[in-house]
Amino acid sequence: MSAFDLLLGLAAVGVAYAWVFGRHARCGWIITLVYAIQFGVLLSMGGLAYSGRTPVAASFGFQFLGQSLHWRLDAVGWFFALITLGVALLASGFMAGEWGRTWRARGGSLRGLHLALALNVFAMLVLLASGDLLSLFIGWELVSWASYLLMALDGVRARDAALRYLTYALAGAMAILAGIVLLWVEGGDLAFDAVARLLPGLPDGRLWLLVLLFASGFGIKMGLLPFHLWQPKAYALTPGPGAAFLGAISSRMGLFALLVVVIRLFGLDRLAGLSVPFGLFSARDLLAWVGVLTIVLPTFTALRQQDARRLLAWHGVGQTGYMLLGVAVGSDLASAGGLMHVFNHASYQALLFLVVAGILHRTGTTDLNRLGGLVARMPLSFFLMLVGIIGLAGLPPMNGFVSKWMIYRALIDAGSPLLFIGAVIGTLGTILSVYKLLHNCFLGQLRLEHQDIEELRWTQLVPMLLLAGVVFVTGWFPGLVLDWVGAAQAALGLPVLAHTLGGVARAHGGLDMIWLVGVLLGGFGVGALVFLLGGRARRVHPLDNYAGGHFLDSHTRYQYSDDFYAGLMHRIGPWYRGLFQRGEEALVAWVDLLSLAMQGLYRQARPALWLVAALVVSLSWVLGAA
Amino acid sequence: MNDRVQSPGERVTRTNPLAHVFDELSRFCRSRSLFILHYCTGCGAIELPPAMTSRFDMERLGIQPMVTPRQADILLVTGYVSVKTLKRILLTYEQMAAPKYVIGICSCTVNGGMYWQSYATAKVLKAYLPVDLYIAGCMPRPEAVITGMRALMDDIAAGRAESWKRYYTHYDHYLGNQQALFGENWQTPTDVLAEARHYGLLGERSEGEHTALLERHQQPLEPLTMRLRAPAGGEEKA
């Protein structure tokens with residue numbers, strides 16, 4: 001029995017336990033313990049990440065239609081599994097205590113939540129360890145359905161959003177299945193190495209078709225433009241810890257599959273060689289530009305959101321673009337940045353979703369126009385959100401800065417100024433909208449109805465503090481993560497980045513976060529000394545405030561957060577056209593019309609006659625073809 | 001914490017031989033960096049845009065507009081002061097940090113000007129708060145405004161612009177005039193006597209019958225503290 005068998009067995013134990021004992025009061029803690037043991041088992045395989053160890057194979061597998069299906073965990077899968085289990089552990093810890101009790105008291109199904117989370121972890125482990133295209137497809141379907149379960153837990157609106165996701169996911173799965181069938185027709189063998197041998201010999205047209213099928217199939221799960229519409233609503237309506245899990249890692253499964261199939265099997269050089277008119281635009285450019293558009297448009301959509309959970313979910317879509325962009329550029333620095341961004345994004349996105357879940361838990365709302373001033377009542381949560389948004393905005397000293405710096409630097413090195421500008425514009429939008437998030441939740445005027453709320457309990461704070469610790473420590477010592485990233489690069493056949501503990505050492509401008517963060521903290525230290533020794537600070541009541549000389553009382557709204565960035569929106573507001581939304585609606589309308597027509601045809605005429613006609617036509621086609 | 005604002009007028013034993021040099025330096029610097037609060041009343045405000053912008057350019061003297069009273073040095077009262085406006089002026093004046101200077105622009109601030117018959121106008125500004133300087137005229141041109149500013153700068157550099165201390169040392173007098181105008185329930189969020197104590201300016205004429213009246217009516221605003229747990233009452237409600 002290999003370590004991977006043990007891991008998968010433990011995940012199955014978690015699912016079974018949640019199924020049977022899900023209503024038990026201590027269930028949450030025991031499942032958290034099971035996740036912790038799984039995490040330990042995964043860490044014991046830690047050697048995977050270093051020095052090209054062989055993958056850990058599963059001892060089971062079977063034959064199907066002459067294909068041998070098998071599972072094994074290599075360095076890429078290990079890297080993604082590490083994030084999956086880490087986030088699942090902390091999310092489960094978050095909901096095991098007071099959050100879960102309140103959720104159940106409000107009528108939510110805690111058993112359903114635990115079960116869906118455990119199923120997700122199990123399905124993701126199956127997917128991450130897939131050893132050929134067929135086992136990849138099995139894992140893919142499991143992950144899709146498990147995500148649906150997690151999304152559909154919280155009321156009618158959530159179920160609608162989850163159904164919308166399912167429609168997209170099924171379309172994506174069909175595209176992937178079509179790609180797999182095409183490969184099977186061409187080569188008759190679906191093992192990864194057989195496909196890798198087959199692909200270079202295929203004609204360009206066939207390769208284009210395969211790239212488009214696989215990339216759009218996997219891209220739907222990632223939420224790449226133009227297939228992103230399902231994601232924000234579905235994630236925003238998932239209950240707090242579930243949203244943290246989904247936002248952190250679930251849609252990264254699409255990136256994983258894209259890496260394993262499109263990047264590893266096709267190869268970036270072959271993609272760059274696939275070009276349309278006169279070699280101006282290649283399949284690789286297509287991926288990079290889809291990445292940039294996925295950065296810019298959803299990020300600026302996030303800027304307009306009035307709900308904290310939606311804002312974060314839109315950023316989840318936008319940040320995926322950085323990962324794809326980095327991997328599509330494909331140099332050692334860029335792909336390391338893209339892969340590291342998966343880890344970084346998971347850490348701060350889970351943190352931010354948990355903080356927002358905490359706000360929802362305490363105040364009952366995530367409407368950004370109905371919050372404010374909570375820093376006086378939830379100071380630790382404020383600090384945690386601050387850490388998270390610095391990471392999300394990609395500013396030092398947090399880890400988001402490191403991966404984004406690598407991607408920017410690689411884009412400059414690769415001579416792609418337009419992609420670079422797109423990435424930077426996306427970061428600008430991120431900074432603006434995360435400031436809005438922090439400001440509208442925690443700063444400004446404390447509302448009357450929130451005068452008596454409390455800080456979260458330690459069962460909720462500890463997982464968030466651990467995540468914040470990860471965000472800061474891996475920002476200070478990015479080499480810790482870059483070790484794993486390097487191993488994943490090697491397993492994907494990408495050039496491996498030479499790195500140091502503090503970042504990247506290069507002749508022309510490297511990055512040493514140890515020094516950078518040290519200098520930054522030193523600067524803060526000087527400021528803190530002046531503040532503390534100066535002794536000039538004086539606390540005043542918020543109502544002892546200047547409002548053009550107006551006398552303020554507690555019923556006066558002296559600070560407004562509604563219509564944030566009104567000036568900016570005056571300029572760029574008309575650019576928001578809702579094009580994708582309207583495109584989706586048009587598609588839905590056409591499908592509706594078509595199905596209505598079919599239904600009418602079938603119902604009004606004699607069905608038996610139509611069946612006979614269809615049978616005759618198809619039989620004559622089959623016989624004629626033979 | 002002893003961070004009293006020093007001035008030559010005070011009889012404090014000072015051991016540092018360079019103390020007066022530092023005082024001189026800080027007064028010089030202070031006079032070259034003045035922030036005017038963006039708060040204007042009446043018609044004299046119309047003379048400030050030309051005084052601030054490129055033609056007369058007050059900024060070459062180090063004078064700039066500032067949006068909050070906490071960071072501002074100068075309170076301009078630029079025209080007639082109605083009773084309602086005077087309340088706002090006092091609120092804002094008390095929110096400013098010392099040292100602070102008040103300039104009355106236009107004749108209305110001196111004696112009510114053309115509004116001297118009005119029942120709703122406070123005629124003599126300096127009865128309610130100490131005024132450093134009047135710039136008379138109806139209205140004074142930007143040259144006159146700038147000349148007044150220069151005079152204030154000279155006063156500050158020479159240590160003569162000390163009227164803000166008078167508000168603390170003679171608080172009872174000013175408060176009495178305010179109460180006479182606004183009624184005995186008059187109060188502002190600022191605890192002026194505590195500030196007077198902080199600056200070491202609490203004198204025998206700071207307190208009196210008017211401050212005693214104020215204390216009877218006052219409902220103090222407690223600073224908002226950060227806390228992790230709701231008070232017991234809040235938990236019962238939840």
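Two residues are taken to be in contact if their C-beta atoms, placed from the backbone, lie within 7 Å. Helices (H or I, at least four residues) and strands (E, at least two) are DSSP runs, numbered from the N terminus. Residues are numbered from 1 along each chain as its sequence is written, while chains are lettered from A and ligands numbered from 1 in the order in which they are written. The model is predicted, so local features need pLDDT of at least 70 and side-chain atom pairs count only at pLDDT 80 or more, whereas totals for chains, interfaces and linings use all residues.

**Confidence**

The predictor gives the complex an ipTM of 0.78 and a pTM of 0.86. In residues 1–9 of chain B the pLDDT stays under 50, and the model has 13 contacts beyond four places in sequence for them. Residues 233–238 of chain B also stay under 50, with three such contacts.

**Helix packing**

Axes are lines fitted to C-alpha atoms, for helices over the stretch in contact, and angles run from 0 to 180 degrees between N-to-C directions.

| Helix pair | Angle | Axis separation |
|---|---|---|
| H15(A), residues 308–329, and H18(A), residues 399–413 | about 40 degrees | 10 Å |
| H3(A), residues 75–96, and H4(A), residues 98–105 | roughly 60 degrees | within 4 Å |
| H7(B), residues 171–182, and H9(B), residues 209–217 | about 65 degrees | 7 Å |

Angles under 35 degrees count as roughly parallel, over 145 as roughly antiparallel, 65 to 115 as roughly perpendicular and the rest as oblique. With an angle of about 40 degrees, H15(A) is therefore oblique to H18(A). Their crossing is left-handed, a term used if the near helix is turned anticlockwise from the far one by less than a right angle (right-handed if clockwise). On the H15(A) side the contact involves A:Tyr322, A:Leu325, A:Gly326 and A:Val329, which meet A:Lys404, A:Ile407, A:Ala410 and A:Leu411 of H18(A). These residues divide into six nonpolar, one polar and one charged, where Ala, Val, Leu, Ile, Met, Phe, Trp, Tyr, Cys and Pro count as nonpolar, Asp, Glu, Lys and Arg as charged, and the others, Gly among them, as polar.

H3(A) and H4(A), crossing at roughly 60 degrees, are likewise oblique to each other. Here A:Phe94, A:Met95 and A:Ala96 of H3(A) make the contact with A:Trp99, A:Gly100 and A:Trp103 of H4(A), a set with five nonpolar, one polar and no charged residues.

In chain B, the crossing of H7(B) and H9(B) is left-handed. B:Tyr171, B:Asp172, B:Leu175, B:Gly176 and B:Gln179 of H7(B) are in contact with B:His210, B:Thr211, B:Leu213 and B:Leu214 of H9(B), and by class this contact has four nonpolar, four polar and one charged residues.

**Hairpin and backbone details**

Strands E1(A), residues 56–64, and E2(A), residues 67–73, pair in the antiparallel sense over six bridges, pairing being assigned if DSSP finds at least two bridges between two strands. A:Ala57 stands opposite A:Arg72 in E2(A). The two strands form a hairpin with two residues between them, and A:Leu65 in the turn has a positive phi of about 50 degrees.

Most residues other than glycine have a negative phi, and most peptide bonds are trans. A:Tyr565, not a glycine, has a positive phi of about 60 degrees and lies in the loop between helices H22 (513–534) and H23 (566–572) of chain A. The peptide bond from A:Pro396 to A:Pro397 is cis, with omega near 10 degrees, and A:Pro397 is found in the loop between H17 (379–393) and H18 of chain A. In chain B, the bond from B:Ala98 to B:Pro99 is cis, with omega near -5 degrees.

Note on methods:
pLDDT is the predictor's confidence in each residue, from 0 to 100.
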